[in-house]
4 protein chains.
Amino acid sequence: MSPVLSSESGVGPEAPPATRSPGRPRSEKAERSIIDAVLHLVAEHGFDALSVEGVAAEAGVGKGTIYRRWPNKEAMIVDVLASISEELPQTPADQTVRAGLVNLVDTIRISTQDSPAGRLMPRVMASVSQYPEVMAAYRHRVVEPRSQRLRELLVRGKENGELKPDLDIDLAVTLLVGPILYVSMMRSQPQHLDHATSQRLVDGVLDGLAPHSA
Amino acid sequence: MSPVLSSESGVGPEAPPATRSPGRPRSEKAERSIIDAVLHLVAEHGFDALSVEGVAAEAGVGKGTIYRRWPNKEAMIVDVLASISEELPQTPADQTVRAGLVNLVDTIRISTQDSPAGRLMPRVMASVSQYPEVMAAYRHRVVEPRSQRLRELLVRGKENGELKPDLDIDLAVTLLVGPILYVSMMRSQPQHLDHATSQRLVDGVLDGLAPHSA
Amino acid sequence: MSPVLSSESGVGPEAPPATRSPGRPRSEKAERSIIDAVLHLVAEHGFDALSVEGVAAEAGVGKGTIYRRWPNKEAMIVDVLASISEELPQTPADQTVRAGLVNLVDTIRISTQDSPAGRLMPRVMASVSQYPEVMAAYRHRVVEPRSQRLRELLVRGKENGELKPDLDIDLAVTLLVGPILYVSMMRSQPQHLDHATSQRLVDGVLDGLAPHSA
Amino acid sequence: MSPVLSSESGVGPEAPPATRSPGRPRSEKAERSIIDAVLHLVAEHGFDALSVEGVAAEAGVGKGTIYRRWPNKEAMIVDVLASISEELPQTPADQTVRAGLVNLVDTIRISTQDSPAGRLMPRVMASVSQYPEVMAAYRHRVVEPRSQRLRELLVRGKENGELKPDLDIDLAVTLLVGPILYVSMMRSQPQHLDHATSQRLVDGVLDGLAPHSA
DNA sequence: CGGTAAACGAGACGGTACGTCGTGTCTTGAC
DNA sequence: GTCAAGACACGACGTACCGTCTCGTTTACCG
């Protein structure tokens with residue numbers, strides 16, 4: 001998985017050309033209304049009840065204004081989703097890498113199961129087969145930034161000697177992110193993930209689940 | 001469709017009354033045609049192009065025949081999906097638990113990324129919000145059996161001393177299954193999961209990713 | 001203009017095959033609802049306010065039920081229009097041809113300017129350029145039957161000696177129908193066509209508008 | 001666009017205030033482009049394919065420039081239509097009224113069926129219900145001038161004794177114009193109106209279609 | 001010559017309707 | 001009572017125009 005560097009490359013509402021184009025400019029207000037409407041409707045009525053028509057009505061916007069920005073419903077959803085990726089906590093230099101990992105994993109856990117964006121995820125997954133680019137966008141805009149932050153912390157741990165130098169960082173990231181995804185998708189309604197779970201997850205990954213012989 | 005043994009199994013084609021009812025019996029041929037049609041259409045045209053109407057046409061079956069068996073499209077999909085869960089390998093008594101785990105994880109990996117059932121999974125995930133019972137059925141019929149097999153192996157390891165006695169088995173299962181799910185969903189096109197990855201995954205989980213201090 | 005014989009050939013809601021086809025038969029009730037809705041809406045809100053969507057709503061019918069019968073809005077309109085072509089009066093054998101013509105012309109005049117069908121006509125005319133077949137259907141189903149009746153009367157007049165034997169029947173029909181059309185289309189709101197006009201029209205056509213020399 | 005002389009002419013591009021107003025004057029070039037575009041597009045793609053958006057694009061003009069001149073699409077169409085009313089032939093004083101009528105009728109016939117304006121007519125008719133004023137404008141600008149010319153000729157015939165003094169001039173005009181309209185609208189594709197028809201039409205109207213008794 | 005004011009092209013805006021498609025239900029006659 | 005066929009009410013899709021509304025630019029005239 002290639003690093004995403006500093007770019008917020010992603011998809012985004014199909015950008016108008018960089019050189020100020022002629023004609024009336026796109027309305028930022030309309031854009032905000034649309035995004036708000038999507039979030040509101042998902043929260044209100046669940047996901048499969050989300051229709052472009054409904055979004056337009058709720059946002060007080062013509063359908064054309066939506067389709068001018070995104071080629072179809074799925075693209076709109078991904079973009080809204082990415083637009084609300086919340087900030088991830090910084091790990092202070094004096095905190096241990098292990099503590100930072102727990103903190104970060106817990107933040108991801110929370111956002112995955114409690115935020116609107118998190119609840120959108122399963123739906124996005126469903127698009128893989130049909131619109132691979134939608135999935136790619138989601139990976140770029142939501143998954144990668146989180147993975148990247150984990151990666152950075154792990155690198156720091158290697159450099160400051162807290163983690164051993166031959167650590168397989170990619171595998172570590174996968175071992176941390178995978179279970180979060182899994183648990184949040186499998187447990188249907190009442191989520192019993194909590195902070196302690198994050199702690200145990202990090203410990204388990206770093207320390208191993210203890211082969212007897214070791 | 002194979003009987004589900006002792007299970008209160010979940011969804012399955014809504015059974016005709018147990019007492020042999022009057023009238024024309026349900027056609028098994030129709031049932032097979034439907035399942036085949038679903039698989040064929042998913043393989044052919046991708047997932048979002050899958051419609052009940054299309055399935056009926058492809059199967060040479062009336063829509064009513066489908067809806068007589070399943071209450072809705074999602075239920076049909078889940079059921080088709082479960083119907084093709086392939087056999088999981090038995091771990092011979094003389095094989096190490098570690099080797100058995102690698103073998104099992106690798107089988108799951110393969111079925112998740114290469115089989116029709118595996119490719120259906122992301123779609124099923126999408127139903128969580130709308131139809132919790134669909135998700136529950138999927139967990140029952142597909143996820144649980146696999147988790148259970150892992151669990152059994154881990155228990156065996158604990159019992160025969162190959163794994164240490166305070167092993168947190170649930171956490172271990174999560175750490176094994178989660179990453180597979182994650183990787184299979186995130187990697188868009190070319191899957192570079194292979195047998196070596198399964199090996200490293202098991203090792204990483206069992207042995208830890210090596211805190212330096214350890 | 002070829003005679004239309006006894007056929008009600010026209011267009012009509014795209015007929016299901018003559019041999020009783022399988023499946024649920026088309027609902028006659030739905031058909032009536034649609035036709036009534038069209039007439040009601042035209043009467044209520046005028047012509048350009050007529051939308052397929054509105055018709056479906058008013059008729060309590062799905063749009064699909066309309067589009068299953070007609071390929072587009074125009075075809076539906078023509079058909080509804082034709083469905084209400086009212087009966088034309090028979091001319092008793094003992095009535096003079098001239099009196100019969102007046103009677104017939106007056107009936108046409110009334111239906112052209114006072115009936116829903118009549119008010120639909122201008123709209124139909126507008127379709128000529130785009131949908132020639134719509135125009136053709138209208139000619140077949142509405143114009144021809146009326147012309148035909150005039151023609152028959154004129155033939156009778158020739159045969160019984162009331163009209164002279166070298167009468168150009170086609171020209172006569174044109175001279176009778178044309179002015180009615182013209183007047184009904186040109187006079188925008190308050191129609192001052194009346195029975196006396198029909199009388200004068202027939203007389204004028206039959207007797208000529210009196211060259212001085214004659 | 002030629003000035004409309006003394007007329008309170010109907011529609012026409014909404015005139016800018018008579019007193020020379022400040023600001024940039026309206027572009028005559030834009031006006032010509034619009035008119036040309038309408039004619040070109042109608043000729044090219046038929047009538048219902050005519051959109052203001054298309055006209056603007058074809059004319060290389062902003063939509064605002066169109067709507068600054070006409071309040072809506074129909075008004076624009078009527079105006080374009082009127083702008084191309086071609087000259088009607090003068091009847092020399094030494095020509096018989098009958099010959100003049102034939103000439104005039106034939107000119108009308110030709111313009112009705114062969115000119116762009118003529119082909120626009122049916123469409124205009126369609127506007128009656130919705131925009132009565134559009135119809136009124138069309139009558140003013142296109143129909144009336146022609147009728148008026150016929151009327152003048154008929155009056156001359158009355159005055160010079162060629163036609164008898166009690167001739168009903170309005171009826172005569174109707175009998176001449178109506179059939180032309182009728183035939184040009186009814187015949188869908190191949191128009192078989194020709195000069196001979198005009199001749200016969202005038203003769204029929206003036207001389208009557210020959211009641212046997214006469 | 002510099003300012004004011006309207007017209008210009010471009011194109012986005014809120015709407016409305018189009019014609020299509022899919023869902024889950026209902027209704028035939030045949031088996 | 002099931003079957004294939006297919007019509008039904010519903011509702012969303014994505015497209016196309018309508019007539020209105022900004023934008024930044026251009027073209028007159030007036031002081």
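A residue is buried when 20 or more other C-beta atoms lie within 10 Å of its own, exposed at 12 or fewer, and partly exposed in between, with C-beta atoms placed from the backbone. Helix 4 spans residues 73-83 of chain B and is mostly covered, with nine of its eleven residues buried. Helices (H or I, at least four residues) and strands (E, at least two) are DSSP runs numbered from the N terminus.

The model is predicted: local features need pLDDT of at least 70, side-chain atom pairs count only at pLDDT 80 or more, and totals for chains, interfaces and linings use all residues. Residues are numbered from 1 along each chain as its sequence is written, while chains are lettered from A and ligands numbered from 1 in the order in which they are written.

**Chain A as a whole**

Next, colour chain A by secondary structure. Chain A has nine helices and zero strands, and its elements run α-α-α-α-α-α-α-α-α from the N terminus on. Of its 214 residues, 36% count as buried. Among contacts in chain A with a separation of 6 or more, 65% join residues 24 or more positions apart; two residues are in contact if their C-beta atoms, placed from the backbone, lie within 7 Å.

Select residues 28-45 and 52-59 of chain A, which are helix 1 and helix 2. They pack at an angle of about 115 degrees with their axes 8 Å apart; axes are lines fitted to C-alpha atoms, for helices over the stretch in contact, and angles run from 0 to 180 degrees between N-to-C directions. The crossing of these helices of chain A is right-handed. A crossing is called right-handed if the near helix is turned clockwise from the far one by less than a right angle, and left-handed if anticlockwise. Ser33(A), Ile34(A), Ala37(A), Val38(A), His40(A) and Leu41(A) of helix 1 meet Gly54(A), Val55(A), Glu58(A) and Ala59(A) of helix 2. This contact has six nonpolar, three polar and one charged residues. Here Ala, Val, Leu, Ile, Met, Phe, Trp, Tyr, Cys and Pro count as nonpolar, Asp, Glu, Lys and Arg as charged, and the others, Gly among them, as polar.

Move to chain C, where helix 1 (residues 28-45) and helix 2 pack at an angle of about 115 degrees with axes 8 Å apart. The crossing of helix 1 and helix 2 of chain C is right-handed. Also in helix 1 of chain C is Val42(C), which counts as buried because it has 22 C-beta neighbours inside 10 Å.

**A loop residue in chain D**

Select Leu50(D), in the loop between helix 1 (28-45) and helix 2 (52-59) of chain D. Leu50(D) is buried because 22 other C-beta atoms lie within 10 Å. Beyond residues up to four places away in sequence, Leu50(D) touches Val38(D), Leu41(D) and Val42(D). The C-alpha atoms of Leu50(D) and Ile77(D), 27 residues apart along the chain, are separated by 9.7 Å.

**The surface near DNA strand E**

By class, the surface divides into twelve nonpolar, 21 polar and 16 charged residues.

**The cores**

Finally, select Val105(C), Leu176(C), Val205(C), Val105(D), Leu176(D) and Val205(D), which have the most contacts inside the largest nonpolar core, a set of 46 residues. Such a core consists of buried Ala, Val, Leu, Ile, Met, Phe, Trp, Tyr and Cys residues joined through C-beta atoms within 7 Å. Its largest share, ten residues, comes from helix 8 of chain C. A second, separate core of 44 residues includes Val97(A), Ile108(A), Val183(A) and Leu201(B).

End at Gly178(D), in helix 8 of chain D. Gly178(D) is buried because 24 other C-beta atoms lie within 10 Å. Across to chain C, Gly178(D) touches Gly178(C), Pro179(C), Leu181(C), Tyr182(C) and Val183(C).
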